[in-house]
Amino acid sequence: MKTDHYDLTWNDENSEHSAALARLFENAKHVDVAVAFAKMSGWEHIKDHLLHHLEQGGSARFIVGLDFYQSEPTLLKLLLKLSRKHSLSVFVGDKLDGVFHPKVYRFEYVNKSVSMLIGSANWTNGGMADNYECSVLLRLNSETKIRTRLDALCKDKLVSALNPGILRDYSRRYDIARATRATEQRRLKRLRTAEPTTFAVLRELLREFRLDKSERGFDAQVRNRAEAVKRASKIMKLIATSRPTGEGFDDQLRKLDASFHSAIVPIFMKAIAGEPAAFAELCTRALASGELSPEQAFEKVREVSIRGVGPNWRTEMLHSVDPSKFAVLNRNSSAGMRLAGPEFPERPSNSNITPQTYAQFCLDARRVAAELGLRNLSELDAVFNEAYWQDMDDED
């Protein structure tokens, strides 16, 4: 693809995406628009130009994403109606494995030249004018790659031709999502103003967590964790008593890793596998910590230095001995604890977690568990993990 000319289009005091699109419609033969979100507010910005284009015999194709229920059924219905009178085809991204997320506006002219606006702007008022958007405006003597790719999406049925049935089903789900978002916004506003010491965020998260009856829900996670604790304790006893080496130790180490929620990166697993005697001693000390305080127990397991073994595994081992006394301290639980108020190192390590720090974490963890009505620190760790990974999902 040879670029003959390019420019940048911003939404600022000097230009807007809507103005750039208006110019591109002039003398266009065919228009392709592929966007993640499309709303009536975006339609208002280019409707006169699009309608004129269609009425003059021009053709157009719209591929609109339905993810997150942002695209408005009203606009889809309008486009479907127009498609019955003009050379307009409408597709929706409802079959892709991932999110349909492009923002492509492609204009083809009689002389085969092509202009394209590709960047961050959805077909919404924000994308057209209000948001701080940026797109590259390309002016080319010819271009087929984008057109071919869009053709393939439609031909291979990775996107669906919009029809009344799809529109009806999406409209119903859109209404549900809109009502849910309104409720969610009120809930978030309430939670943002709540003091951490009220445990409002964790209480709300736990309530939703309990409602989930799938394998990812609270009840299933509690069952899995109870089994994992028993499994880890048995493996630690086997390592401490039989002191396996070679492949036997590697096998037990892998099983222990699978029983913990704090995974060890492969390079450190290899380092740990090279010190079976030291790890057997670590298991022995952890298993003997049942009568010790968290501070004393952590001091004992910290005395055995093994490359790759940090507070995450040391506290997992203690937790497997007594989940009502010893809390798991890792990145996930530290983030979860911050939702309750207490601050601990974001990335727990051998250098920043002392026996006193761990003792305080266990004390705070038992207090939070009691406030939430949880039976032990294993259940609390499940809640902390849910908070952490839900946040990761949101970032995606």
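Contact here means heavy atoms within 4.5 Å. The structure is a predicted model, in which local features need pLDDT of at least 70 and side-chain atom pairs count only at pLDDT 80 or more, while totals for chains, interfaces and linings use all residues. Residues are numbered from 1 along each chain as its sequence is written, and side-chain values use heavy atoms, with hydrogens and water left out.

With neighbours within four places in sequence set aside, V222 is in contact with R375 and E379. V222 and A387 are separated by 165 residues in sequence and by 15 Å in space, C-alpha to C-alpha. V222 counts as buried because its relative accessibility is 14%, where buried means under 20% relative accessible area, exposed over 50%, and partly exposed in between (1.4 Å probe, protein chains only). The accessible areas come from the Shrake-Rupley method with a 1.4 Å probe, and for residues only the protein chains shown count as cover.

E215 is found in the loop between α7 (200-211) and α8 (218-242). At 53% relative accessibility, E215 is classed as exposed.

The buried residues of α1 are H17, S18, A20, L21, A22, L24 and F25. N27 follows α1 and has a positive phi, near 65°.

The surface also carries patches, which are made of residues with over 30% relative accessible area and no salt bridge; like charges are joined within 9 Å, and nonpolar side chains (Val, Leu, Ile, Met, Phe, Trp, Tyr) within 5 Å. A salt bridge is a side-chain nitrogen of Lys or Arg within 4 Å of a carboxyl oxygen of Asp or Glu.

V265, I267 and F268 make a nonpolar surface patch of about 250 Å². I267 has its place in helix α10 (residues 266-273) and is exposed, since its relative accessible area is 53%.

A patch of positive charge on the surface gathers K77, K81, R84 and K85. Lys and Arg count as positive and Asp and Glu as negative, whereas His and the chain ends are not counted; the place of a charge is taken as NZ of Lys, CZ of Arg, CG of Asp or CD of Glu. R84 sits in the loop between α3 (73-83) and β4 (88-93), and R84 is exposed, with a relative accessible area of 59%.

How values were computed: Helices (H or I, at least four residues) and strands (E, at least two) are DSSP runs, numbered from the N terminus.
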